[in-house]
Amino acid sequence: NVHILPPEQADKAELWGWRRADGGFHTAYDTYYCPCLNGPWTDRFMEVLDAVCRLDVDGVFLDGPIANECCCEHCRRRHREWFGPAAVFGENPAAFYGRTRGEFLRRSYRRFKAGKPDALFYVNQAVRNLEGEGQSLAEALEYNDILGTEGGFMFYDPPKAAELWKPSQAAKLLEAVAPGKPRVVFTAADQKPWS
């Protein structure tokens with residue numbers, strides 16, 4: 001899980017957290033702090049990835065990451081490096097945060113493959129909305145040995161509003177865009193009050 005800091009890391013938010021413009025922290029699910037992909041949390045994550053490479057595992061699956069609207073000093077510095085000091089921070093968020101997410105995932109992929117070249121690496125990709133995240137599908141294919149997406153999560157709305165064919169649509173989309181890659185559609189069709 002690379003889109004939240006788990007409860008045992010909540011005290012690291014000051015160092016690793018994804019900051020709002022007002023200096024506070026973004027949360028996921030109104031509960032957990034989110035890590036910044038341009039800050040020191042990324043180095044810690046790479047250390048964890050190295051440790052996973054020493055285990056007898058067949059692969060790694062990343063749920064997340066999320067990269068948008070972080071206003072911390074690390075993001076501001078990275079923005080200046082990539083777009084120059086004259087560029088206005090926050091003016092083109094899709095370009096900046098898309099590149100941030102892509103750089104993080106490419107770096108993670110290369111790091112994992114260096115330690116486990118035959119193991120699989122894949123990410124929970126928002127295939128239906130990659131452009132909205134400032135990324136292209138061609139880019140996502142570079143760092144996914146399996147192409148997977150949340151094509152079947154149907155519990156966010158009342159049951160009568162569910163798209164019954166959503167998993168099928170997602171499967172067909174994945175097959176169309178990556179016919180030579182293994183594919184998976186993550187599905188949760190349960191109805192429960194806490195979703």
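This is a predicted model: local features need pLDDT of at least 70, side-chain atom pairs count only at pLDDT 80 or more; totals for chains, interfaces and linings use all residues.

**Cysteines**

I started with cysteine 71: its sulfur is 6.6 Å from the closest cysteine sulfur, the one in cysteine 70, so that is too far for a bond. A disulfide here is a pair of cysteine sulfur atoms within 2.5 Å. For cysteine 75, the closest cysteine sulfur sits in cysteine 36 at 3.6 Å, also too far for a bond. By this rule I count zero disulfides.

Residues are numbered from 1 along each chain as its sequence is written, and side-chain values use heavy atoms, with hydrogens and water left out.

**Helix pair**

Next I looked up how H3 (residues 73–83) and H4 (residues 93–115) pack: the angle is about 100° and the axes are 11 Å apart. That makes H3 roughly perpendicular to H4 (the label covers 65 to 115 degrees; under 35 is roughly parallel, over 145 roughly antiparallel, the rest oblique). Axes are lines fitted to C-alpha atoms, for helices over the stretch in contact, with angles from 0 to 180 degrees between N-to-C directions. Helices (H or I, at least four residues) and strands (E, at least two) are DSSP runs, numbered from the N terminus.

Which residues make the contact? From H3 they are Cys75, Arg78, His79, Trp82 and Phe83, and from H4 Ala95, Phe96, Arg99, Thr100 and Glu103 (contact means heavy atoms within 4.5 Å). I sorted this H3 contact with H4 by class and got five nonpolar, two polar and three charged residues.

I found one cavity of 30 Å³ or more; the largest cavity has a volume of about 50 Å³. On a 1 Å grid over the protein atoms alone, a cavity is a set of points where a 1.4 Å probe fits but cannot get out, a pocket is an open set with protein on both sides within 12 Å along at least five of seven lines, and lining residues have an atom within 4 Å of a point. Among the residues lining the largest cavity are Trp18, Cys36, Cys70, Cys75 and Thr100. This lining has no charged residues.

The second largest pocket has a volume of about 250 Å³. Of its 16 lining residues, Asn1, Val2, Trp41, Phe45 and Val48 lie nearest its centre. H2 gives the most to this lining, with six residues.

Conventions: Ala, Val, Leu, Ile, Met, Phe, Trp, Tyr, Cys and Pro count as nonpolar, Asp, Glu, Lys and Arg as charged, and the others, Gly among them, as polar. Grid points are joined across faces, edges and corners, and a volume is the space filled by probe spheres set on the points.
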